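Open the model in your viewer and follow the stops below. Each one says what to select and what is there.

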Amino acid sequence: MKNYTVRLYSNSDFELWNDFVSKAKNATFLFHRNFMEYHKDRFEDYSMMVFYSDDLVSIIPANRVGDEVFSHQGLTYGGFVLKEKAKLGDVLAIAKSVLKFLNDKDIKNFIVKLIPSIYNHFFSEEIEYALFLTQAKLLRRDCLSVIDLSKKNSFSNHRKACIRKGEKNGLVVKEENEFNLFWNKILIPNLSKKHQAKPVHSLEEIVALKNKFPEKIRQFNVYHNDEIVAGTTVFIADKVAHPQYISGNDRKNELGSLDFLYHHLITEVFHQKDYFDFGPSHENNGKSINQGILFWKESFGAKITVQDFYKVKTSAYKQLENVFI
């Protein structure tokens with residue numbers, strides 16, 4: 001195996017890190033430091049950079065909690081971000097180097113939150129094999145409802161009827177550059193009422209992120225008689241459109257507002273993307289499924305792919321030695 005060196009990210013690596021993200025085979029804008037650092041006060045950053053000689057070959061967005069390191073808990077996905085030309089042997093050596101680095105720092109476990117395969121530019125599942133070799137424990141598996149936009153999809157008859165309801169009610173979808181109307185009139189009241197929760201991103205945070213990533217974060221609102229009745233905030237990767245937030249007022253079923261909105265997004269706005277990722281429909285840390293939400297997504301033609309979460313002991317780096325015979 002080649003010898004790799006690992007070190008923690010520092011502020012002086014800002015440009016190098018971001019340049020790597022722009023060229024990696026399995027990265028999205030969520031790994032850009034301008035995105036990662038909007039909530040840096042909430043996490044002890046422990047992001048790592050792996051070098052072969054002077055060549056940066058992998059980055060790992062991460063944070064530390066006690067004697068454990070996590071694929072960054074402020075991101076939807078993470079894991080090992082790799083160069084396009086990384087081969088299996090390279091990745092096994094990179095994984096070994098990272099685990100040994102963590103073990104030498106008295107980190108006991110690395111919790112890895114894999115990026116779903118639909119976001120990868122190329123096949124990039126070498127880390128799954130490394131996790132198998134290290135006998136990593138599968139902690140969680142989320143089911144993501146995804147529409148493959150390259151294939152012909154058909155909405156259910158019930159969904160079509162709801163879309164027609166939106167048309168008959170004269171609904172209008174508008175893309176907006178501001179978020180305050182959706183956040184304050186729809187999203188925040190609904191989350192508070194139904195889940196006693198707040199959006200992960202505050203209004204100020206989502207506005208700041210939009211300013212930094214204007215093409216990657218887009219807001220769509222639905223209006224009935226010039227009054228907002230629903231909306232969604234969409235995060236956009238190279239291949240995937242993913243609604244980060246979706247919410248409607250109490251009349252959403254009567255008006256057909258969410259169905260009308262998503263029909264518009266899937267067939268008009270993002271039809272040239274490879275995938276439309278509705279995300280998971282889980283509760284109870286992935287062990288329960290909200291059947292109503294899952295039914296709604298599947299009625300648009302969504303199928304299931306999975307996202308896996310693993311815990312690997314850092315001492316298991318020794319199991320990545322002498323793999324090739």
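This is a predicted model: local features need pLDDT of at least 70, side-chain atom pairs count only at pLDDT 80 or more; totals for chains, interfaces and linings use all residues.

**Whole chain, then the rings**

Residues are numbered from 1 along each chain as its sequence is written, and side-chain values use heavy atoms, without hydrogens or water.

Colour by secondary structure. The chain has 10 helices and 17 strands (DSSP runs numbered from the N terminus: H or I of at least four residues, E of at least two).

Now show the aromatic side chains. The whole structure holds 25 aromatic pairs (ring centres of Phe, Tyr and Trp, the last by its six-membered ring, within 6.5 Å; planes under 30 degrees apart are stacked, over 60 edge-to-face, the rest tilted).

Select Y262 and W296. Their ring centres are 5.5 Å apart and the planes meet at 80°, so the pair is edge-to-face. Y262 lies in helix α9 (residues 257–269) and W296 in helix α10 (residues 291–298), so look 34 residues along for the partner. Both are buried.

Next, R140. Its charged end sits over the ring of F309, 5.2 Å from the centre (CZ of Arg or NZ of Lys within 6 Å of the ring centre and within 35 degrees of the ring normal). Finish at K174, whose charged end sits over the Y223 ring, 5.1 Å from its centre.

Conventions: Buried means under 20% relative accessible area, exposed over 50%, partly exposed in between (1.4 Å probe, protein chains only).
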